[in-house]
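My entries follow the model.

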Amino acid sequence: MMFKPQKLHPISYVSGFFTNLKQNILPLVIAIGLIATRGLDNIGDLIIPLCIILFSLIGSVFRGIKIFYTRYWIENNQLIVTWGVFSKNRKELNIERIQSVDTSQNFVHQLLGGVSLSVITPSDGVELDTITKKQSEQISKYLKEKKLELKQNDEELNSASTIVQEEREETSKPEKKEKELYFQLSTKSLMQMSFTSGGIFIVFAALSSLMGLITQFLDIGKIISPLFEQVVNFATVMIILSFIFILLSYIIGSLIVFIRYYKYNLTFDGELLTIKYGLFTVKKRSIPIKRIQALKEEESLFRRIFGFTSISAIITSDGSFEKNEEDNIGDVVILPFIKKKQAYDLLEEMIPQFEFSEVDKVLPKQGIRRRVFIPTIFILAVTIPIQIYLWSYVWIVGLALFIILMVYALVETLKSGYKVLDDSIVILNASPLRYTTTWVNRDKILTFMLNENPIIKRQDIAHFDIHIAYGHGMMSKGLKFINKQDALKIYSWYSNDGGVDHAS
């Protein structure tokens, strides 16, 4: 069946329509708002909103045509996908280079029995949206078995020296074993995670933007004016409305996190970390541990107080997918909400190439002054003219900004740090609201950069950054206002075992 060109499942058209609707939701809301406010009497006023709706429909039609002409099959150890009408496109993935096969089921898929399948290689990938769940399981099973067969054949054909070297590297990896459940997020933990997620800030920003959009079409003053007639104290009304707005943001933000990570579980078979989660959109991702470039721990203020943390894996490119969802970047959450000690125990068992040690907080205290100096000059330059010519109480705002700036400088200097181990480095970047710890092995570091300007150079202070592969590009991690000798010590450790010998 898989060796002849196959069509996508018919529900691909429904899924494609909803995907296009989601991508154009803002223009469509604006178009509907314009029609609602201008009415249907004047045709000239309807040209713009009708054009917006027309372009959205055209997008759905083109997506449907692409789905109709998409074919996929397996031939000569290649997974082949073709699409296009006037311009024929063809993509071939070598089965031997496939790293993982991931699935995703949105609400429509779950209702109609379909699944979106993503096949990932180190630098590319293809997505089949949508096929049946049975087809997905058959393809996944075949690709896994065929890849293992090709790997065994290569080992038999390769030269003896190459085989010996590969076997040495393989002995350092965990042995292949049956898939085992390592972590499952309970309902109680999921609720705790939702309430401490900080999703309120995202929803708050979204609702604020939505309110701004609504005010373009509705006279909010007329709607809330009865409140002012009933309540004499204007401040009381504003406090009540603000409280309702914040409470609504908090509830919606918590609900989004709950739905997203519903029934989260992590399994491990010695080579692949497999995570599955979601309520309306059920996602399944597989992460080969050899693709992991670094580990990142994030602790928000509230979670740190109660001893909970979140662990993510920094991985290389997942290929380029049309949906461009957050799943396709290089940061994958593997332990979303867990006690810190339990997280380290699990990671040491699953990913033994990392060492989990506390950092040395050795940043010089003069970094506090240097973090504050230039921003304070800017605050004074803005505040003083306003204080003299416009508003006599602006000094309160300036003082508040200075206090916030000082708190950030204190935490960043006194709580941040690093630790160099035999083959890895640990970097902690602290702020009042979040602590971020990154573990990176030396052989994963692409470049090392040492930066200093004439002012800090005289005080033997420098900044350093290391760069590692992240998704389609790179990410950097480092520390500012560190002792220059410490930065040079880190560079010496990095350059001793190769990497890209680059410092500037």
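I looked up the sheet: it is open, has three strands in the order E17-E18-E19, and pairs them in the antiparallel sense. Pairing here needs at least two bridges found by DSSP between two strands. Strands (E, at least two residues) and helices (H or I, at least four) are DSSP runs numbered from the N terminus. E17 (445-451) and E19 (473-483) are the edge strands with a single partner strand each, so one side of each has no neighbour in the sheet.

I noted the provenance: this is a predicted model, where local features need pLDDT of at least 70, side-chain atom pairs count only at pLDDT 80 or more, and totals for chains, interfaces and linings use all residues. Residues are numbered from 1 along each chain as its sequence is written, and side-chain values use heavy atoms, with hydrogens and water left out.

I checked strand E18 (residues 461-470), which pairs with E19 in the antiparallel sense over nine bridges. Isoleucine 461 stands opposite asparagine 483 in E19.

Next I took the helices. H13 (residues 366-389) packs on the sheet and touches E18 and E19, its direction making about 115° with that of E19. Contact means heavy atoms within 4.5 Å; axes are lines fitted to C-alpha atoms, for helices over the stretch in contact, and angles run from 0 to 180 degrees between N-to-C directions. Helix H16 (residues 484-495) lies across E17, E18 and E19, at about 155° to E17.

Last, I found H13 packed with helix H14 (residues 394-415) at about 170°, axes 9 Å apart.
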